[in-house]
Amino acid sequence: DQAQPAVEAVLQASLKRWKMVRIERTDGEARIVYAVRPKKGQNLESISNTLTNEAAPFVASVEVERWA
């Protein structure tokens, strides 16, 4: 539960727009899925790295998927 505020603080600072889509809970772990729109000049990979570094220790891993 501490991961969500940590992640959302990074998203607020790094993205043009974002929205939480869902939370999936399995085997004692939570996966929070967001739909995001980066600011001009930013890519999702750099935001992924920022999340991994700045939301630690609450975030164990970050996955980036491009939606068609």
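Arg31 is partly exposed, with a relative accessible area of 40%, where partly exposed lies between buried, under 20% relative accessible area, and exposed, over 50% (1.4 Å probe, protein chains only). The model is predicted, so that local features need pLDDT of at least 70 and side-chain atom pairs count only at pLDDT 80 or more, while totals for chains, interfaces and linings use all residues. Residues are numbered from 1 along each chain as its sequence is written, and side-chain values use heavy atoms, with hydrogens and water left out.

Three salt bridges were counted, a salt bridge being a side-chain nitrogen of Lys or Arg within 4 Å of a carboxyl oxygen of Asp or Glu. Arg31 is joined in this way to Glu63, at 3.5 Å from N to O, and this pair links distant parts of the chain, since Arg31 belongs to strand E2 and Glu63 to the segment after H2, 32 residues apart. Helices (H or I, at least four residues) and strands (E, at least two) are DSSP runs, numbered from the N terminus. Glu63 is exposed, at 58% relative accessible area. Arg31 also forms a salt bridge with Glu24, the closest N and O atoms being 3.8 Å apart, and Glu24 in turn pairs with Arg22, where the corresponding separation is 2.6 Å. Both Glu24, at 27% relative accessibility, and Arg22, at 39%, count as partly exposed.

A pocket is, on a 1 Å grid over the protein atoms alone, an open set of points where a 1.4 Å probe fits, with protein on both sides within 12 Å along at least five of seven lines, and lining residues have an atom within 4 Å of a point. About 1,200 Å³ of space lies in the largest pocket. Strand E2 gives the most to its lining, with 10 residues.

The largest nonpolar core has 10 residues, including Val7, Tyr34 and Leu51; such a core is a set of buried Ala, Val, Leu, Ile, Met, Phe, Trp, Tyr and Cys residues joined through side-chain atoms within 4.5 Å. Helix H1 gives the most to this core, with four residues. Leu51 touches Val7, Val10, Leu11, Ala56 and Val62, not counting residues up to four places away in sequence, contact meaning heavy atoms within 4.5 Å.

Notes: Grid points are joined across faces, edges and corners, and a volume is the space filled by probe spheres set on the points.
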